[in-house]
Amino acid sequence: MVTSVKLCGIQLKNPVVPASGTFGFGLEMASVYDLNLLGGISLKGTTLEPRFGNECPRIAECPDGMINSVGLQNPGVDALVGEKVPALRKLYSGAVIANVSGFSIDEYVQCCRKAASCPGIDILEVNVSCPNVHGGGLAFGTSPQCAAQVTAAVKAVCADKPVFVKLSPNVTDIASIALACQDAGADGLTLINTVLGMRIDIERRKPVVANRYGGFSGHAVLPLALRMVNQVSKVCSVPIMGCGGVSNARELVEMMMAGATAVQVGAENLRNPMACKEIAQELPLLMRELGIEDINEIIGTV
């Protein structure tokens, strides 16, 4: 029985990947279970300079999900390549995915150049949901032109490592943005990022999170994520890492049938820290139940 998949020539022992922002830098979970059970790890979102993040409160509970407005709190790319990844590599032999954010194209380029130079990083995942401070504040990922600009600029300095662009669902036509990124040189795509949402404290008559709005994730977004992955898989030829609402092995198989080669598990890690381990262990049993000999057979079959 084959559970391994390939992303741009990089072998993953299985398609299970903890999503960025829900698994720290991997090190935080190393004492809980053997990280080598996982196909890959998408590390905490990293920016050029260290960031403290947004004001508290940053989290709001929702039915079947959560809203977060953490604000990319992280120690910066120098700490990523100098401390975090080398420490992780002492414990983990699977695919390491660096998730990179920026507020200008120059920031993306500088951050990605440093991350790409780190031998312990296999794949760069470029988050285009950040606001473009030089372009009116709208997220880079909300227009095909801006998303393509970021993609082309990053690929120019990261020619030796695969670049996956992580797409925002807060758009009207995700397929056109995905195509623009592919045409600009993206080696792969990750989707979806969080959906913009809000909760209100009716006693205080104020938003629950200090930043008013935040990213909604969790089980409730699975149908939306499946639809978008499927739409993009029909028009793009590059591999997709599906992300959004997956909480068990059956839903991972759904995501792969929709068109994903690998599947990121996000908010479920915060509800159940053992989620990725459990999914990786359940997958072969489910494959046997469904008569699947090779997990690659089901990619994009729907």
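Predicted model: local features only at pLDDT ≥ 70, side-chain atom pairs only at ≥ 80, totals over all residues.
The protein has eight helices and 16 strands. With 302 residues, a compact globule would come out near 19 Å in radius of gyration, and the protein's 18 Å agrees with that.

**Overall shape**

- Taken along the principal axes, the C-alpha atoms fill a box of roughly 50 × 50 × 40 Å.
- Buried residues make up 55% of the 302 in the protein.
- If you look at contacts between residues at least 6 apart in sequence, 70% of them join residues at least 24 apart.

**Helix 3 and helix 4**

- Helix 3 (residues 144-157) and helix 4 (residues 174-183) cross at roughly 30 degrees, and their axes come within 8 Å. Angles under 35 degrees count as roughly parallel, so helix 3 is roughly parallel to helix 4.
- The crossing of helix 3 with helix 4 is right-handed.
- On the helix 3 side, the contact uses Pro-144, Ala-147, Ala-148 and Thr-151, while helix 4 brings in Ser-176, Ile-177, Ala-180 and Cys-181.
- Sorted by class, that contact between helix 3 and helix 4 has six nonpolar residues, two polar ones and no charged ones.

**Helix 6 and helix 8**

- Helix 6 (residues 249-258) packs on helix 8 (residues 275-290) at an angle of about 70 degrees, with the axes 8 Å apart.
- Helix 6 puts Ala-249, Arg-250, Leu-252 and Val-253 against Ile-279, Glu-282, Leu-283, Leu-286, Glu-289 and Leu-290 of helix 8.
- The class tally for helix 6 with helix 8 is seven nonpolar, no polar and three charged residues.

**Cis peptide bonds**

- Cys-56 and Pro-57 are joined by a cis peptide bond, with omega about 0 degrees. Pro-57 sits in the loop between strand 4 (40-42) and strand 5 (59-62).
- Another cis peptide bond links Leu-191 to Ile-192, with omega about 15 degrees. Look for Ile-192 in the loop between strand 10 (188-191) and strand 11 (195-197).

- Leu-72 isn't a glycine, yet its phi is positive, at about 60 degrees. You'll find Leu-72 in the loop between strand 6 (65-68) and helix 1 (77-89), and its 23% relative accessibility makes it partly exposed.
- Arg-212 has a positive phi too, near 75 degrees. Arg-212 lies in the loop between strand 13 (206-207) and strand 14 (214-217), and is partly exposed with a relative accessible area of 43%.

How values were computed. Residues numbered from 1 in each chain as written. Heavy atoms only, no water. Axes fitted to C-alpha atoms, helices over the stretch in contact; angles between N-to-C directions. Helix = DSSP H or I, 4+ residues; strand = E, 2+ residues; numbered from the N terminus. Contact = heavy atoms within 4.5 Å. Nonpolar A, V, L, I, M, F, W, Y, C, P; charged D, E, K, R; others polar. Rg over C-alpha atoms; globule rule 2.2 N^0.38 Å. Buried < 20%, exposed > 50% of the residue type's maximum accessible area, 1.4 Å probe, protein only. Parallel < 35°, antiparallel > 145°, perpendicular 65-115°, else oblique. Left-handed = near helix turned anticlockwise from the far one by under 90°.
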